[in-house]
Amino acid sequence: MAAPATPQRHPPAVAAATPGRAGRGTSVTSVAARWAGAGRTPPAQRGDGGGAAHRWGVARRQHRFDQGSERYLCSRLPGFPRQPAGALAVRQYNQLNPTFYLQKGGQTYVLRKKPHGPFLPRAHKVNREYRVQKALFSAGFPVPEPLLYCSDASIIGTEFYVMQHVQGRIFQDLSLPEVGPAEHSTLYIAMIETLALLHSFDLQSLGLQGYGRGPGYCRTQVSTWKRQYDAAAHTDIPAMNKLAGWLANNLPPDDNEESLIHGDFRIDKVIFHPTEARVLAVLDWELSTAGHPLADLAYATIFYFWPTSIKDLGQGTVLGFKDTIKTPSFEELVSIYCRCRGISTSLSNFNFFLALSYFKMAAISQGVYARYLIGNASAENSHEFAKIVKPLAERGLELSKRSSFSSTHHSISGELFHQSRKGQEILLKVKQFMKQHIYPAEKEIIKHYAGHGNTEEKWKKPPLLERLKEMAKAEGLWNLFLPDFSGLSQLDYALVAEETGKCFFAPEVFNCHAPDTGNMEVLHMYGTEEQKKELEPLLEGKISSCFCMTEPDVASSDATNIQCSIEDGEKWWSSGAGNPNCKVAIVMGKTKNSSASRYEQHSMIIVPMDTPGLKLIRPLSVFGYLDEIHGGHFEIHFNDMRVPVFNIILGEGRGFEIAQGQLHHCVRSLGVAETALQIMWRAAWRGTFRKKLYHHGVVAHWVAECRLSIEQALLTSLLAGLFEIKEVQVAMTKVIVPRAVLKATDTEIQVCGGAGVSQDFPLASMFAYIWTLCLADGPDGTTARWEVLDQSKKLTAKI
């Protein structure tokens, strides 16, 4: 099972190390982190800037390598330099697990091995680390590439494995004091999106069947960490015993849930790109297993609840950090994680998982101190870990009594926008389908339309698109916009529509594209049994349709101006008419009953496209774009046309009862905005005037403003869909959303410069599409008239 797409994911970057650089933009590491694959070659002492650089030195006596080990690497590790002989440089990272930086002939690697001497049962299984990294790397998840595993203890004294050396940043202090607030948030968001990606993988598809101990992960964790704590305990700590007892007696009912989990996931386990808020690799897989994903989420966020009494202990390690973590908030991280996974933010039994995380952290700290007592600890300050066991256990007990959680002690359990269980499942399936099938097809689809230029072939659908539609139908991802067919609420579908809007042809793949969605809704809700014969092939995706309303000679924003009669007239901006598969149109026409109210003179009529008298005149361009992928926008003339009287929908003069505005296109356009924002964010990492674009205050402000306007527009759309509110709110949404997306797209073009208006980037076509949307339901001033009418009804005084 593929995981949902996340904005920061790119192929891991591998580069030679750059010695001697420290501070912001370089690697920092945690003594408690047990790092592998760490970034730049670490300098021998602390660097400048906000954090410590990697601390390393000559390999300790018990970990020395000899010429035999170098010969082994030459013979077994592909690409390992053979010459010059004896030139292998080995430096040891100062970590709990023996981890080494290897360099020879311009090639760099990282080696992990088991510690020497006695250690706790089932600890330091480097063969498991190698296996899980191998599986994840093959699946495209960001981990250092594992290159070699050796079980022969005679080579360097213990079994070991060698992996790729990844250049990037590792942050030792979890409060990230060396970066600004904006980057602080994006780094944490990238981290949590990566965790959601990990939990979206299927163990079987990764080839990791039997990787864990089977069902009952939480029970196993409690007993395992209790056993390891008891084996390492040097004194009696009542809080640890009480916490162990509470955990054993309060196991969550869904203890059989199994996902691949990291087991030790925090931001200091992540290598970020040297300059971007992008995850290059996740490290330290020793505790990975098949288990409950909320255990990872709780462990990654426990520092929001960290006891202030121990923040000063272990300074220079992950257990001591300079400041509280304020941005993003705990609630925001949980929300992003749940949205990426398509699950509810009402996390049941989260108190158990937070308490378990503190119990595990306390047991690990006790184990580190136990290794210090027997002289087998790698970390220089291992003696300090004894001081934090009791405070950690006490905080775990405190959290076990809570029923709701936030960094400010506010509940996150209430949800205004509550997705149904089915809505969550469908959204997740849509995300997976888009990642597996739609995004990889973008290049070929674009090539199809670009290759046919101005020929008639450009109106035909590419075969790949038709294959994708069949695949989506087979997956049950079809006609999701119709509640009677999909079982989704308006809110459920709004989030699906936003997701599909991220790719220009995705809505059609799911048979959820305009104008067919509106036409199908009209036929489904108002059509007679005879008229629904046109609905069936539309629902099956066998034909498409167009909608004819706007006219060239009148101001069509006031729909009562429409003059086209049922027999004769002209229409333009008839969307979808250029599709060769377009077989039917719904036309808004004026009847002959001139004595009726101006709102009762128009009817909607079903008109087959092969009706005599119907003629396609020309396609209309939008800023030069013909919009072939969506069937274009055509001028159509009707000359002495005749259709059966039963083709009138609902009845003569009842067209305005049917013509209700849709919000589908609003939420789809927000998906467009999200895609454009990601393009801008990547462009903002380019340099001008000796610094990155995003370091210029105006660009950083633009990025923030775009995000704010998109979120506000999304909330407006969701509220409109949630409460099915009256015309004024729908009208407001149709103004707010296009304005927000247009503003964002225009800003993104500014950041990208010439590339933004070229055919190499989709931003120009996005801009044209959104400008069209600003007019599709009438100009903003006309739409905003609803607010004036609504307010005027409230006036009681007469002038």
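The model is predicted: local features need pLDDT of at least 70, side-chain atom pairs count only at pLDDT 80 or more, and totals for chains, interfaces and linings use all residues. Residues are numbered from 1 along each chain as its sequence is written, and side-chain values use heavy atoms, with hydrogens and water left out.

I begin with the cores. A nonpolar core here is a set of buried Ala, Val, Leu, Ile, Met, Phe, Trp, Tyr and Cys residues joined through side-chain atoms within 4.5 Å; buried means under 20% relative accessible area, with a 1.4 Å probe and protein chains only. The largest such core has 85 residues, and the members touching the most others are Leu136, Phe141, Met191, Leu260 and Phe272. Helix α8, residues 350-373, gives the most to this core, with 13 residues. Helices, as named here, are DSSP runs of H or I with at least four residues, and strands are runs of E with at least two, numbered from the N terminus.

Leu136 brings us to helix α2, whose buried residues are Val126, Glu129, Tyr130, Val132, Gln133, Ala135 and Leu136. These buried residues pack against strands β4, β5, β6 and β7 and against helix α3, where contact means heavy atoms within 4.5 Å. Leaving aside residues up to four places away in sequence, Leu136 touches Phe141, Val143, Leu198, Phe201, Leu206, Leu260 and Trp285. Just after α2, Gly140 takes a positive phi of about 90°.

Next, a helix pair. The axes of α10 (residues 421-451) and α13 (residues 490-500) come within 9 Å and cross at roughly 10°; axes are lines fitted to C-alpha atoms over the stretch in contact, and angles run from 0 to 180 degrees between N-to-C directions. The two helices, α10 and α13, are therefore roughly parallel, a term for angles under 35 degrees. Among the residues making the contact are Ile426, Leu427 and Met434 of α10 and Leu495 and Val496 of α13.

Finally, the cysteines. How many disulfides does the structure hold? It holds zero, a disulfide being a pair of cysteine sulfur atoms within 2.5 Å. The closest cysteine sulfur to that of Cys546 is in Cys548, 4.0 Å away, which is too far for a bond. Cys582 is in no disulfide either, its nearest cysteine sulfur, that of Cys546, being 4.0 Å away. Cys546 is buried at 0% relative accessible area, and Cys582 counts as buried at 7%.

How values were computed
Buried means under 20% relative accessible area, exposed over 50%, partly exposed in between (1.4 Å probe, protein chains only). Angles under 35 degrees count as roughly parallel, over 145 as roughly antiparallel, 65 to 115 as roughly perpendicular and the rest as oblique.
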